[in-house]
Structures are given as C-alpha cells and as structure tokens.
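Biologist: I'd like to learn how to read a few features in a model like this. Can we go through them one at a time?

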Amino acid sequence: MKKIYSLLLTCALAMLSAASMAQSIQGTVADPTGQTIPGATISVANSSQGTATNASGNYTLSIGPGTYQLQVSFVGYETATLPVTVRAGETVSANVTLQESATALQEVAVIGSRSATARTNIQTPVPVDVISARELKSYAQTDVTQILNFVAPSFSSNRQTVSDGTDHIDPASLRGLGPDQVLVLINGKRRHNTALVNINGTFGRGTVGTDLNAIPVAAIERIEVLRDGAAAQYGSDAIAGVINIVLKKETPWAVSALYGQSLSNTLGRNFADGQTTQVDISKGFKLGSKGFFNFGAQYLDRGATNRGGIDTRPLLYSGVWPATPAGVTDVVAYRQQLKAADDAKAVAAGLDRNNMRVGNAAVRNLGLLTNGAYSLGRTELYWQAGITNKQGNAAGFYRLPSQATQVDLTIYPNGFLPQINTDVYDVSASVGLKGKFGGGWNYDLSNTYGTNSIRFDITNTVNASLPTGSSPTELYAGKLIFAQNTVNFDVNKRYELEGILSSINTAFGAEYRVDNYQIQAGEELSYSFGQPSKSIDGRKIGTAFTAAGSQVFPGFKPGNELKKSRNNKAIYADFEGELGKRVLLGLAGRYENYSDFGSNFSYKATGRVTLVGDLALRGAIASGFRAPSLHQRYFNNESTQFVDSVPRQVLTVNNDNPIVRQFGVASLKPEISQSYSVGLTGKLGRSLTFTVDAYQIGIKDRIVFSSQFVREGAAATTQTINQILDAADPNRQINSVQFFTNAIATRTKGLDVVLTERLKFNNKSTLTLMASANFNNTEVTSVKPPSSIEGNQRLVNSLFDRQERARFESSVPRSKVNLSAAYDLGKWNFVARTVRFGEVTYINPNVPGATVSGVPFPAENDQTFVPKWVTDLTVSYQLTKNLNATIGASNLFDVYPDQAYINPRNNATNFSADPTLNYTGGLDNTSNGRFLYGRAVQQFGFNGRFVFARLSASF
C-alpha cells in the first residue's frame, strides 16, 4: 500500500507543477430568478476537464486554446450546453442560467450499460435507481446502508444486535436476496468484500457482504442501484443487481456537522441514548487545466442503544428452584421467600435485571476517500484511494452468577456482561489509464486493490477454565483479513450506421482477480482449556467441564489459522444496438475461470421498445452465478451461541475438513441463477415519470450455513454425531457442529414501481413528489441434502431446519412502500417521507406441538410481525448564502415493531411447582424476557424516534 500511495502523491505533485494557467473560461451560474447556484458542475464534453461553482456561484476553468462544448448541470435543473472558443492567452466570459426541469428526476445512469451514450433512468433497458447527493443528506440517516434502506424500496438493511461481528457490519439485501448476491462498484470498479462471514442467528446467516458504511457519505456524488441480474456484464455476485457509488469530482468546500439521539418510549420506559455526532467535509481542487482532485472525509461517533427487556428468571444467584425441603407444605410461599432473598442480594450488589444491551453497538468511524483524474495528452490518468477505521463495542449475553461453568465468582461475584470490541480497517486504491486508440476505440486499463481486516478484543470477560482468580478480563481473540486485487482492461467503440440498425456499441474486456483470505489466532488464553503452555489443566466443577476460552467469543486457535488464495480470469463481450429511435437491444456474454472450482459462462439479453410518445416496454433475460467465497470455503472456529437460552459451544468446520466428508458434503460449487424481467416506463404530461418492472430470479445450488448438528444418538453415515464430535474434541467441550454446503434452490418473484412528479409554482417554489414500492416473495423450491444423510429426516432437518428456511423466505419485508415530498419555498425547505415496511415472519426451530419442557411447544412462537409505517420529517433554512441549518426527526411517531410473544410461564413471579406450569424461559423466543423485539428478522429496527440538528456550510 505504501508504494501505491507514493505513486499517487508523485503523480499529484507532477500534475500540479505541469499545470498551465494561460487561458480560462469564467462565469456565473444562476437560476431563472437570478439566484446563484453553488456547487453546479461545469464540464468539457468528451474530456475529464471540469470544475464547479464556488459558494457564490462563480467558476473559473483553466483550459488550453480551442473550441469546446461546455456542459453545466445541477440536480433539479436541465443541463445546459454551450459552445465556447478560447484563444491563446484569452479569458472568456460564459454566464449560464439553468432552467428548472420537469424531468430532472430522470437522473442519468451509467450502470447497466457499457455504451457511452447517456440515458436517464426511464430510458435504460433495465431498472436503475439514481440517488443524488441531496437525497443522501436530506434526512437523519448517517451511513450508506441506512440511507439506502429508507430511500430504495428494493434495498433492505438493519443493524443487528448480540450477534458477534455482525453487530459491526450491517448485512444488506437487494430484492429479498442475500448480502452476497449484490455486487458493489466504486466508480464502476469492483469493491472488495469484508473479512466477516455472518455465522450467528441473523438475516444473511452464512453470507459475506460488502461494508457500504466504510464509504464516507461526504465523498459520494450519487448512488446508482441496478435492479437486475448483471453477472454477464460485471461478474460474480451480481445476481440481484449492482450498486455503483459514483464519487464527487471538483466541488466547492462543503462542511456539515450533525448531532442527534434517540428520544423514545417503549416497554414502559423512556430512552435517551444512541447519541450521534457526525462531521463531514469535502472539497475538489483543480489540477491546472487538466484534471481534478477531490476528497471526502467523515467522522461518526454513534453511541449504543438498549431496548432489552427485564430478565424474568426468578433466581439470579442460584438459577433453578432447589428441591423443596421435607416438611414444607406451602411450596409457593417457600419459593417467594427464596426469591425475596435473591432479589435483596441482587439489589445490595447492584445486579440489575435489565442486564442485557439489546440494540445498536457503539461505533466510532473515521474515513477518507479521494478521487482524481489528470489528462496526459491523449491519455487520462485517474485514481481513487481511501482508508476507513471503524471501532465498535457490542455486548453478548449476560453471564449470571448461577452459570457456574461460565463464570469465575472470585472475579465477578455478580456475573458479568462480556463485550466484543472490533477494530476494522478498510483500505482501497485504484489507478487506471483511459483514452483512445486507432479507429476511435476507447480503452480503460485499471488495477484496483482493496482489503478489509477485523481485529477482535474481548473485554469484561474470563476464561472460566483457568484456576479461580487467575483469568485476565481482557483477551485478544484474533483477526480476520480479506484482500482482493483486480486488473481490468476494457475497450469499446460506437458505430454510427445507416439503415435499420442505426448504431451499435461494441465492448470487450478481460479481468484478472486474486482473492486472499486469512485467519490469525488470538492469544492462548482466549481459546485454551486451562493453559497448556504452562501445564495448567482446565478446571472442572465436579465432573462438569468449565468453558474454554474467552466468554462470548472464544479466540481463534492456531489450528484455525490459514492463508488461502485463488485467482479468476474472465473475458466478456457486450453489444448494444439501436434500431432507429424506437428500439434498443443488448446482448452480453462473460466467461470466467476460477482456480478453485472451475469455469462458468453467463449471458444477458436486454431490449427496450418505444411504444408511443414516451411510453416504452423493456425487459431482460439473464443467467448469472455467484462463486463461493473463500470465507465460506475455509472459515472455521468455535463460538458460544445461545439456543433457547442455553449456551452451546459450536464448532464451525471448513469445507475441506474430514468432518464434513463424513456427512457426505462435497466441495462447494457456484450458485447459478436464471432471471427474467419486464417493465413499462414513461412520462405522463410534462413532469410525471413512472417505471414499473416485474421480475423473477431462480437460483439453484444456493450455499447454506447448516443448522447445528447437536450431540445425540442419531446416525450420520456409519458413526453417531457424538462420535464425530468426540474425535474432533476429546474434552467434550463442543456441543454441536455446523458447516457450509450447496443445498437448496429458491425462486424470487417481485414487482418494482417508481413514480415521480415535480411541480413548480410561480418560479417561487417547487414541490417534488415521489412514490415507490417493492413487492417480493422468495420461496425455497427444493432441498437437496448430501446422499449420506438423505434418508435420515432428522439429520436433513438439522442440515436445513424450518428456521433456516424462514431466513430465506420471510426474514426481510415482503413489501416496502416509500412516499416522499420535498417542498422548496424561498430559503425554506421541507422534506417529509413515510415508509411502509411490510410483514416479516420468525419461525422457531421447534415445531408447534412438539414436546418441550414437558408440554406442547406453543404455536404462537411462529410469529408474523405486521407492517408498520415509519415517518421522517426535516426542515431546513438557508441562513446565509453559505450556511444552512436543518432540524428533523427520523421515526417521528416513535413506531416499534410488534413485541415478541412471551409465554405465560416465562414470568419472574411464577412460583408454581407443577412441572407443566412452573417457570421456564424455553417456551418462547425472548430469551428469558430480554428480547422483546426480535433479532432474527429484519423489518426496520427497534430504536424508536431519533431527533437531530445539522449545520451545513459551503464556500
């Protein structure tokens, strides 16, 4: 990385010294009322040269002698194009008045086509959403995933809780599919994945996504969301679509500061937490007359939130009710006395029954992303580079003093809440050359590098297997690292023809990519049973083993360490032709060969036909694929997971481990998709635009992270699961095993609708209205277990149980409706938005009616959470030409999802001695009353109202 940064710095210095200031174009950009427009973009057609207006709406563009087409644009206005001739040593004046545009909401998109022809989002042959910088900063959401969650109906992402590393990197979904089935690009270049694979009980379990929140919002010009399969154009992962983040170019100084927090009431309590401070800064600089350099930086400090319920376990110190002494006739009175004594002890010691942290992790995020280009005659040098450091703190399950094998009462006499601290570094750099060569061909040669690392430090913990009083309370648990380097070479040329085929754009390219995945071990005491390096045996309590390693997150062992790589070679061809002015057809094909599993060919055919006026029909047919990630193939560890409130030590084995072969699991192979879409787009009247697109995506050989195979007597091939686990763990610390395998096929059907309208009132005010919606349904169409367990239904259920099926079918909203209005009146701006998050369903692993705790398991635990509307409101005032103030609220009406069902027996005042009526926390999904808002489904979060104020300046 040092070499890359040195190269960029050397190039920048050379460009600054070579800049020529002999000629220039100067002017002012204003609206029809004469109000100047800061931040308007001035660019030279067919060139990388350009600038932007300053805070006063003025600009200066240094340029060589010649005749140019100057293009001036700003969000909400029609782009103006004017010819300008500049002579040697001359300064030319060019003032521009931009007209407010009824079609301004038809943002130009570059994703989804390799043609150089600019098309608005109603002219593209496949659906594309374009989210402008103004939309990114209009509301209270401070990071990219949350912004998209409320802006783009087909996108879904929520922060997770009590889920290890997933608390710190938000899993996301496009069109109801997994986090690893959407491809992310930065300026059209592939973005690397995170080092984290989600293994806990959340949406996206078993997947690897991209950390969108590592990209500073301050650096973003716009976000393009391609809602269609595009593996034939961009390669693996683009099954649901592609998110392309376009960085700012030359812009004036922009600084904003936000402060906000949750002010909410639920569970009979008032909450004021989640204090958030965000500072953004960005600026673009001219590099003489030949290029630009832009940077965007962000500082975000977000406090933790907690919406945990009260622990319902009657006894915190002794756990279960003891046997009733002989001679005691009133069992209820006896238990009431025990609870009173236990409560008194807890109060005296400060042990609170509100002992969990169920909510957002605390996060501190500092990021910088730069973007630049410089003309080298017929060739343009361009680059982007960035670094983000994110430090997070999340809590696990509280360890009560009664959980003897997990605590050390000499260190924590009242138990403890262990915490996972992450230190995430995300580094990226891309450099390229583009230009023209013989016969009008355009070329683009680039190298893009990215890496993501996650360090785990566990605090407020113990290794309970050490002699009492000797365990440290802070332990380093290891690190995950993923790195990717991609080399691309692309060429394209547009041919203007005569006849039926009026033009054709041809594009060809090649890609070479190398992926690398590493697991680094933690310190010995983070994973050990006892301390073998000092010949200290693990502690037992009677015959029971105490828990090894750091509580909440046992560290990676030396046996988990690995460093694995693979490479991929790809070639593609892409053709797009126009048959007159009414028909646009496209065809693309891509061949890829991976060093670890083999080859794949993907294709895509698109078409758009103008029916009448602005009404057009469009559609696409595509095949696609997703290569199994290195994480899915090689990740292995031990973790503590709570299932029905019971802690389990879970062994995750990688795809090469002999254990998975005993289950008949073969090497992972790619997921293969087939998708279809058809849509209608157009414009009604002067300003109402609409797009309606229906789609179907079928995927076979989807990779799943199996349910847990728990110690029991059922047969797996020729051995029992117990024997398999004993061979891997002679100390019998491991309770269950899980692994990755290709096991299911799914079919997703859906409909996307987008309507926009812009109304203008006497040149004094404008009202922008938008209505958009996504409706989707994913169905698991088949389950194909390995042949070795195919005849054993119990093991098949363990491979892919009813809860895992629900994660695919119903853990994200099946519909989302977004209604928004933005009203500009002089110096005032009012923005209101309400989003309807559709229903989600949680399915418990236990079948209703099955015997649990001696009684039939309640059917209420299969719970559907009804749709809810969440409303945001912001009000802005332009204090001066350079200063803007905004106040607002997200979730204005303090709406929460439905609370989880809680069984009547799960009650701290349940003193019954009847075994069918006595206390148990195992008959519902609340983990002893503490998770009243579900964590296994993803609707819209559960933090309630968030209020904020923002001050923004441009100069």
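**Reading the model, feature by feature**

Modeller: Let's start with a loop: Ser163 sits in the loop between strand E12 (155–157) and strand E13 (172–174). Keep in mind throughout that this is a predicted model.

Biologist: Is Ser163 buried or exposed?

Modeller: Buried means under 20% relative accessible area. Ser163 has 1% relative accessibility, so it counts as buried.

Biologist: And which residues does Ser163 touch, leaving out those up to four places away in sequence?

Modeller: Those would be Asn200 and Thr202.

Biologist: Now a helix. How many residues does H5 have, and how far does it reach?

Modeller: H5 covers residues 331–349, which makes 19 residues. From first C-alpha to last it reaches 27 Å, close to the 27 Å expected at 1.5 Å a residue.

Biologist: How do I work out which way the residues of a helix point?

Modeller: The general idea is that an α-helix has 3.6 residues a turn, so residues three or four places apart point the same way. Here, the buried residues of H5 are Tyr334, Arg335, Lys339, Asp342 and Ala346. They cover an arc of only 130 degrees around the axis, so they lie on the same side of H5.

Biologist: What is exposed on the other side of H5?

Modeller: Gln337, Val347 and Ala348 are exposed there.

Biologist: What should I look at around the two ends of H5?

Modeller: At the start of H5, a side-chain oxygen of Asp330 comes to within 3.3 Å of the backbone nitrogen of Val332. Just after H5, look at the backbone: Gly350 has a positive phi of about 80 degrees.

Biologist: On to charges. What's the idea behind a salt bridge?

Modeller: Side chains of opposite charge can pair when their charged atoms come close. The cut-off used here is 4 Å from a side-chain nitrogen of Lys or Arg to a carboxyl oxygen of Asp or Glu. By that rule the model has 44 salt bridges.

Biologist: Which parts does the salt bridge between Arg227 and Asp129 tie together?

Modeller: The side chains of Arg227 and Asp129 meet at 2.9 Å, N to O. Arg227 is in the loop between strand E16 (220–226) and helix H4 (231–234), while Asp129 is in strand E11 (residues 128–132), so the pair ties together parts that are 98 residues apart in sequence. Both partners are under the cut-off for buried: Arg227 has 2% relative accessibility, and Asp129 has a relative accessible area of 14%.

Biologist: Where are Arg364 and Asp301 in the chain?

Modeller: Their side chains form a salt bridge too, at 3.1 Å, N to O. This pair links distant parts of the chain, with Arg364 in strand E21 (residues 362–376) and Asp301 in strand E20 (residues 291–302), 63 residues apart. Arg364 is partly exposed, at 44% relative accessible area, and Asp301 is partly exposed as well, at 22%.

Biologist: What about Arg633 and Asp656?

Modeller: Their salt bridge has an N to O distance of 3.8 Å. It links distant parts of the chain, 23 residues apart: Arg633 is in helix H6 (residues 630–634), and Asp656 is in the loop between strand E34 (646–652) and helix H7 (658–662). Arg633 counts as buried at 14% relative accessibility, whereas Asp656 is partly exposed at 38%.

Biologist: Which residues do salt bridges with shared partners join into one network?

Modeller: Glu511, Arg513, Asp515, Arg566, Arg590, Glu592, Asp596, Arg633 and Asp656.

Definitions and conventions: Residues numbered from 1 in each chain as written. Predicted model: local features only at pLDDT ≥ 70, side-chain atom pairs only at ≥ 80, totals over all residues. Heavy atoms only, no water. Helix = DSSP H or I, 4+ residues; strand = E, 2+ residues; numbered from the N terminus. Expected span 1.5 Å × (residues − 1). Buried < 20%, exposed > 50% of the residue type's maximum accessible area, 1.4 Å probe, protein only. Arc of directions from axis to C-beta. Polar contact = N/O pair within 3.5 Å; in protein donor to acceptor, adjacent residues only side chain to side chain. Contact = heavy atoms within 4.5 Å.
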